[in-house]
Structures are given as structure tokens and as C-alpha cells.
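Visitor: I would like to learn how to read a model like this one, feature by feature. Could you take me through it?

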Amino acid sequence: MAYDTQPEASHFIDGAYVEDTEGELIEVVYPATGEVIARVHAATPAVIEKAIASGRRAQKDWALMTGRERGRILTRAAAIMRERNHDLSVLETWDTGKPYQETSVADATSGADALEYFGGLAATLTGEHIQLGEDWAYTRREPLGLCVGIGAWNYPTQIACWKGAPALACGNAMIFKPSETTPLSALKVAEILVEAGLPAGIFNVVQGMGAVGGALVTDARVDKVSLTGSVPTGRKVYASAADGLKHVTMELGGKSPLVIFDDADLEDAVGGAIMANFYSSGQVCSNGTRVFVQKGIRERFVARLAERLGNAVIGDPMDPETSFGPLVSARQMEIVQGYIAKGVEEGATLVTGGERLDKPGFWLTPAIFDGVTDDMTIAREEIFGPVLSVLEFENEDEVIARANDTEFGLSAGVFTQDFARAHRVIAQLEAGTCFINSYNDAPVEAPFGGVKMSGVGRENSKAAVEHYSQLKTVFVRMGHMEAPF
Ligand code: NAD
């Protein structure tokens with residue numbers, strides 16, 4: 001039995017559901033039909049206060065537990081998530097409209113991976129001993145305190161866990177604010193953590209729009225902010241976090257290049273371009289939306305890509321056969337339609353797709369533009385929808401320069417059979433997360449994040465520990481204290 005789409009209450013604070021109907025009403029819409037499936041309320045100042053106070057209070061004792069004890073709770077939560085993968089995936093599909101075919105393998109499972117990984121890592125977090133002649137120093141790896149996580153709407157469960165798991169493993173408490181577009185799944189993450197033994201107050205979920213996120217970020221009792229969102233939001237959140245000299249992790253937008261050389265395996269390259277543009281209906285931050293294809297292979301590549309898009313199964317997201325779902329909201333669909341119109345207006349060739357389906361919900365067919373040039377709007381701005389741009393290139397130096405000519409730097413990919421070239425090119429691409437003959441893999445064992453305007457800090461892997469803990473240095477004198485007077 002899948003979860004009820006209407007949660008017990010809007011927020012989860014101090015180990016229990018909390019409601020305050022004074023907060024602004026948020027309607028949760030199923031993107032496949034446009035129907036309202038749940039209603040929650042944005043957090044009021046009283047709710048925010050409760051979340052901050054309980055987080056700060058609970059964090060002290062949580063930090064005093066051993067890493068092994070903390071890790072055991074996270075690992076148990078991972079096991080519960082895996083057991084409930086079906087129900088969690090159905091809820092994620094209601095929340096986001098993403099096909100069950102995707103949510104059943106990429107959302108709660110990815111969240112469980114993070115809980116399991118950081119659960120295992122928790123017992124290994126240590127400082128070091130530094131011998132200084134007779135004297136010595138040591139470092140203690142300490143938590144930051146109270147962290148705030150703010151999520152985007154494309155991977156609600158994954159984002160809650162990618163932020164929550166390392167924060168909790170390091171001994172912090174977290175208040176997580178999901179996107180107002182997809183408020184449901186994070187509540188289940190909180191429920192599962194408490195069921196696994198997490199003390200009340202260590203992982204709180206509050207709902208709301210940007211203003212609630214803003215109130216959390218500016219509160220002096222918050223020590224760290226981790227945002228997944230767009231560059232404009234990142235700028236604002238980074239600026240207000242800087243005012244309080246808070247730690248930050250920023251996972252922001254992208255306009256990543258995918259470079260296909262003419263010696264690439266054509267089927268693999270087409271598969272890579274599909275994974276880099278159409279998974280989650282193109283609503284993936286790391287997508288390789290500027291597909292640079294070498295002149296000798298371009299025509300064959302475009303023809304085969306268009307042919308394979310014809311195999312996409314567009315329909316009921318709950319049907320396991322469906323491989324392509326709707327956009328998340330009417331607003332997002334309109335934004336994407338605007339970019340498609342702009343692409344045509346600026347002279348790109350719409351090879352296929354980009355049509356609105358004549359049914360309720362927010363449906364657009366996957367679109368390919370050929371003949372795209374570097375200066376076109378669709379080649380410069382993040383669309384965050386199923387729109388792939390093909391840009392032709394002739395040689396390696398040229399494509400590296402063109403691929404790097406962007407303010408973003410989240411991801412980059414290269415398809416070629418020449419491995420020396422693959423590594424040479426990847427080394428020169430300005431991006432934080434890269435792929436060779438693959439695209440959009442995000443295993444928890446490897447760091448994930450961007451450079452340039454795409455982000456600050458890294459999620460996943462041991463690297464995340466650096467962003468959720470700090471070192472205290474302790475100097476120990478063994479002899480007498482010397483002083484000048
Ligand atoms: P968004 O920037 O509109 O919102 C992100 C979150 O920030 C939401 O929860 C929102 O309520 C909150 N927010 C908005 N204004 C705020 C403010 N002033 N203070 C505090 N919080 C505020 O992004 P979105 O439309 O939800 O998501 C799409 C964007 O997210 C895309 O740009 C995409 O590339 C990016 N994204 C990045 C990653 C990554 O890991 N790099 C992953 C997923 C999505």
C-alpha cells in the first residue's frame with residue numbers, strides 16, 4: 001500500500017508531526033494530471049522557532065554519542081528506506097511526476113545509499129595527533145552545530161538524504177526545507193529516521209517558500225546552510241549566509257557540455273545524450289544540454305538520436321513501462337515552452353519534439369535542436385527541461401574553448417574511443433563532475449558538485465565530511481610555561 005498523499009501534518013519537528021494552519025496554504029499538484037493531491041502550510045515564525053530551538057537543544061547530546069552509535073541509526077534508516085522503496089517511490093512520483101520506472105531506482109535508493117555510506121563513515125571520523133618535540137597537539141573533528149538544508153524539486157528524497165546523512169553522521173542537527181513544489185517525501189525521510197532511533201529534534205522538516213528558507217538562513221543560531229537550487233537563489237542565500245559568516249554548500253544550476261568525437265561508439269554516444277538530457281524530463285542540474293558533436297558524425301548522430309527518442313514511452317508515470325513523464329509544474333512547462341519558441345525564433349532547427357500534449361497535466365515531448373550556435377539563448381541559459389541542443393565542432397582545441405565559454409561549471413562529458421584524448425579533454429574542461437563514455441552517474445562514494453557559478457563545496461564521499469565538521473586544535477605543553485616577563 002502506497003502512502004497517503006496527504007501527510008499527517010505539514011511539518012515534522014522534535015520527533016513528531018506539527019501543524020500550524022496560520023501558515024500560507026501550499027497546494028501540492030500531481031504533474032501528470034494537474035490535480036491537487038495534498039495541502040500543506042508554510043511554516044509560521046512560531047514553527048520556525050520550534051524547529052530551531054529543538055534542533056539546537058537536541059544537537060548537544062547527539063554530538064556526545066559515539067560515531068558508531070550515530071552511524072548505526074543512519075544504517076538502520078537506510079534499511080527501512082530500502083524495504084519501503086516501492087511506497088516511497090510511488091509517493092515521489094506523486095510529488096514530482098517522474099516515472100515510477102525512475103523513482104524506483106534513483107530516489108529512495110539513492111537516499112538509502114547516502115544514509116548507509118555516511119552511517120558507515122561516522123565511526124571513522126577522527127582528528128590527528130601532532131608531535132612537537134616534547135609537546136604535542138591534537139585535533140578534534142567537531143560538528144558545526146545546527147545545519148539548514150534547502151532543497152530543489154527534482155530529487156526531493158535524494159536531496160534530503162544527501163544533506164541530512166553527512167550532517168547527522170558528523171554530529172550536527174539539520175532543519176530541512178523542501179521545495180514548496182514537492183513537500184511530501186522529506187517528511188517520510190524524517191519519519192523513517194525517527195523510527196530508526198534518531199533522537200527527536202535532530203532532523204526537522206519545515207515547509208515553505210523562499211521566505212521560510214530566508215528566515216532560517218539569517219537566524220544567528222544556524223551554523224551552516226546547504227542549498228540545492230538555481231544560481232539566482234544561490235547568490236541570495238550565499239550573501240545572507242556570508243553576513244553571518246556561516247559555512248555553505250551550494251549545489252546550483254548548469255549548462256553542461258557533452259562532447260562527442262567522431263570516433264565514439266554511436267549507440268553509446270546517443271545513449272549518453274539521452275541520459276544527459278531526458279531523464280526526469282530533463283530536470284536534472286548536471287544535464288549535458290550543449291551536445292557538441294564532431295562534424296564527421298553529426299548527421300548520423302542526430303538521425304539516430306531522433307529515431308531513439310521515438311522509443312520513449314510517454315504516459316501514466318505510475319506504469320512501470322513509462323519512461324518519460326511530465327514537467328513538474330505549469331510554470332516550469334511554460335518556461336521550457338518559452339525557450340523552445342526562442343530557439344526557433346533565433347534560427348535553430350527543431351528536429352523533433354517540443355509539443356504540448358493535448359491532455360491535462362504538464363506534458364511536453366522531448367525536443368532536439370540542431371544547428372545551434374554558441375550565442376543562442378538555448379545554448380547559454382539553463383532550460384531545466386527536455387531540450388537538447390546539438391552544436392557542431394571540428395577540432396579538439398576549438399571544442400574545449402567553446403565548452404568552457406559559460407558562467408556555469410557543474411558537469412561535462414566526453415565520448416570517444418581514444419582514451420588519451422578523453423583524459424586530455426576532461427582535464428581541460430571547467431566542471432566539477434565529469435564523465436567519460438557515460439553521463440549522469442552519481443554514486444555516493446564519489447564527490448559531487450560544481451565550479452564557477454555552479455557551486456561551492458562538495459556533496460557525497462569523504463569530501464562531504466569537510467563541509468559538515470570543523471577541526472579544533474588543542475596544544476598541550478608538557479613542561480613549564482615560558483613568558484617574556
Ligand atoms: P530555486 O532556486 O527556485 O529554489 C530552490 C530552493 O530554494 C527552494 O526550496 C526554494 O523555496 C528556496 N529558496 C528560494 N529563494 C530563497 C531565498 N531567498 N532564501 C532561501 N531559500 C530560498 O530552484 P528550483 O526551481 O527549486 O530547482 C531548480 C534549480 O535547482 C535548477 O537551477 C537546478 O540546476 C538546480 N539544481 C541543482 C542541483 C545540484 O546539485 N547542483 C540539483 C538539483 C537542482
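The conversation below goes from annotations to strands, sheets and helices.

Guide: Gladly! This is a predicted model, in which local features need pLDDT of at least 70 and side-chain atom pairs count only at pLDDT 80 or more, while totals for chains, interfaces and linings use all residues. Residues are numbered from 1 along each chain as its sequence is written, and side-chain values use heavy atoms, with hydrogens and water left out.

Visitor: Which residues does the UniProt annotation "domain: Aldehyde dehydrogenase" cover?

Guide: That record, an unreviewed entry, assigns the domain to residues 18-474. UniProt positions follow the numbering used here, feature names are shortened, and annotations may be inferred rather than shown by experiment. The span is 41% helix and 20% strand, and its end C-alpha atoms are 42 Å apart. Helices (H or I, at least four residues) and strands (E, at least two) are DSSP runs, numbered from the N terminus.

Visitor: Which residues does UniProt list for "binding site"?

Guide: The unreviewed entry lists Val 29 and Asp 95. They are spread over 67 residues of sequence, yet they cluster in space, with a largest C-alpha distance of 7.3 Å. Val 29 belongs to strand E3 (residues 25-30).

Visitor: How should I read the exposure of Val 29?

Guide: Start with the scale: buried means under 20% relative accessible area, exposed over 50%, and partly exposed in between, using a 1.4 Å probe and protein chains only. Val 29 has a relative accessible area of 25%, so Val 29 counts as partly exposed.

Visitor: What does E3 pair with?

Guide: In general, strands of a sheet pair through backbone hydrogen bonds, either parallel or antiparallel. Here, two strands pair if DSSP finds at least two bridges between them. E3 pairs with strand E4 (residues 35-41) in the antiparallel sense, over six bridges, and Val 28 stands opposite Ala 38 in E4. The two strands form a hairpin with four residues between them, and Gly 34 in the turn has a positive phi of about 80 degrees.

Visitor: What is the order of the open sheet of seven strands?

Guide: Its order is E14-E15-E16-E13-E12-E17-E18, with mixed pairing. Strand E14 (349-352) and E18 are the edge strands, each pairing on one side only. From one strand to the next, the twist averages 20 degrees; such angles run from 0 to 180 degrees between the N-to-C directions of axes, which are lines fitted to C-alpha atoms, for helices over the stretch in contact. Further in, strand E13 (residues 290-294) and strand E16 (residues 387-393) run parallel and are joined by five bridges, with Phe 292 opposite Leu 391 in E16.

Visitor: Which residues of E18 lie on the covered face, and which on the uncovered one?

Guide: In a regular strand the side chains alternate between the two faces of the sheet. In E18 (residues 433-436), Thr 433 and Phe 435 are on the covered face, and Cys 434 and Ile 436 are on the uncovered one. Strand E17 (residues 411-415) pairs with E18 in the parallel sense over four bridges. The chain goes from E17 through helix H15 (residues 419-428) to E18 in a right-handed β-α-β crossover. Right-handed here describes a path from the first strand over the helix to the second that runs clockwise, with the strands pointing away from the viewer.

Visitor: How do helix H2 and helix H5 cross?

Guide: Two packed helices are described by the angle between their axes and the distance between the axes. The axes of H2 (residues 67-83) and H5 (residues 108-121) come within 7 Å and cross at roughly 160 degrees. H2 and H5 are therefore roughly antiparallel; angles under 35 degrees count as roughly parallel, over 145 as roughly antiparallel, 65 to 115 as roughly perpendicular and the rest as oblique.

Visitor: Is helix H7 largely enclosed or open?

Guide: Eight of the eleven residues of H7 (residues 185-195) are buried, so H7 is largely enclosed by the rest of the structure. Among them are Leu 187, Lys 188 and Ile 192. After H7 comes Gly 197, with a positive phi near 115 degrees. The axes of H2 and H7 come within 8 Å and cross at roughly 125 degrees; H2 and H7 are therefore oblique to each other.
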